[in-house]
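Let's go through a structure together, one question at a time. Here it is.

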Amino acid sequence: MKPVRPAVFSGSDLIRGGWEAGPGGTDLKRLIVSTGLTFPSVALGYSARTGAKAISAEISRLLAGLGLNVFLPKSPVPIMALSLELGRRSMPLGLYLDESVEGKWSLLPLALHGGPVDDENLPLENPAPLARNGVVGEIDLLGNYLCKVEGLLDPYAEAKVKLSSLDIPFPELERGIKEPKALGLIKARDPKGPRAIIDPSGQGLTIVNPDGTLMSTDSMVKTIGEYLTRARSASGAVVCPNGKRELGASWGEVTEINGDGLEMSHVAGFVNLLFGWWEGGIIAHQGHGPFGDALLTLGYLLEAWSWDR
């Protein structure tokens with residue numbers, strides 16, 4: 001089993017009529033049109049990269065021309081917000097727009113279970129688009145996501161380590177975090193504390209220590225793993241990069257990945273996950289979803305730092 005790779009394209013490709021000419025474009029269009037024959041609606045989330053909102057609007061127009069109804073959030077969202085909403089609404093397909101490693105755009109398909117689509121589910125033939133025009137509307141992807149993150153965190157944890165600041169690129173999510181009942185540990189501040197930075201896809205977390213050094217991904221994993229397994233008695237499978245087996249061996253059965261972060265998320269979607277991780281502070285969590293979630297990772301880190309061993 002392998003994940004369906006994202007379509008990679010430039011803005012000029014869209015001006016010429018679509019993403020099909022780039023890598024992965026033909027497979028993605030075939031998947032979209034085939035899925036639309038039985039469920040003609042798709043949710044399209046986009047990252048906080050500059051220009052992503054305008055590109056997603058153009059993609060929505062093209063998808064509507066294929067006969068699909070497209071639902072967009074008002075502003076950028078973490079990929080996990082889209083992942084969770086697909087299962088909640090029983091939508092068989094979602095699309096997430098982000099920047100690719102080549103500096104172009106990347107359009108990734110997500111399945112009903114919230115993880116990457118498996119390539120075994122790719123249709124073999126190119127179906128004809130629906131003989132109608134779809135509509136473009138709005139969808140709330142953040143409400144359920146924020147409730148889910150808050151529900152996984154300990155509401156009674158007391159902040160022994162407080163952030164000096166949190167750089168979060170999602171305006172609506174930032175407003176939600178500031179609500180009175182939401183995520184108390186994450187809201188607490190201390191000018192002498194570490195700084196937290198969430199990446200534009202909502203997956204990767206960077207922690208800048210008070211002395212200016214960066215907390216490594218391995219250190220995040222070790223801190224959270226010890227906390228979840230010892231304080232919360234959590235258990236499950238661990239998915240990690242090749243060569244990192246020893247780090248997670250005491251917590252559960254380990255699967256090492258020879259590939260990239262997308263393949264980690266693909267495997268994480270089909271196991272009884274404790275957590276999976278990749279470099280860049282990308283950690284996927286049990287009971288949440290197969291993609292990295294920087295906000296939940298941050299919450300668990302703050303709980304671990306406050307844990308009375």
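Q: Is tyrosine 227 buried or exposed, and at what relative accessibility?
A: Quick ground rules: this is a predicted model, where local features need pLDDT of at least 70, side-chain atom pairs count only at pLDDT 80 or more, and totals for chains, interfaces and linings use all residues. Residues are numbered from 1 along each chain as its sequence is written, and side-chain values use heavy atoms, with hydrogens and water left out. Buried means under 20% relative accessible area, exposed over 50%, and partly exposed in between, with a 1.4 Å probe and protein chains only. Tyrosine 227 therefore counts as buried, at 5%.

Q: What kind of pair do the rings of tyrosine 227 and tryptophan 307 make?
A: Rings of Phe, Tyr and Trp (its six-membered ring) pair if their centres lie within 6.5 Å; planes under 30 degrees apart count as stacked, over 60 as edge-to-face and the rest as tilted. Here the centres are 5.9 Å apart and the planes sit at 65°, so the pair is edge-to-face.

Q: How many residues apart in sequence are the parts that this pair ties together?
A: Helices (H or I, at least four residues) and strands (E, at least two) are DSSP runs, numbered from the N terminus. Tyrosine 227 lies in helix H8 (residues 217–231), while tryptophan 307 is in the segment after H11. The pair therefore ties together parts separated in sequence by 80 residues.

Q: What kind of pair do phenylalanine 275 and tryptophan 277 form?
A: Phenylalanine 275 counts as buried at 1% relative accessibility, and tryptophan 277 is buried too, at 0%. Their ring centres are 6.1 Å apart with the planes at 50°, so this pair is tilted.

Q: Which residues form one aromatic cluster?
A: The structure holds three aromatic pairs. The residues that form one cluster are Trp251, Phe275 and Trp277.

Q: Is valine 271 buried or partly exposed, and at what relative accessible area?
A: Valine 271 lies in the loop between helix H10 (261–268) and strand S12 (273–278). Its label is partly exposed, and the relative accessible area is 32%.
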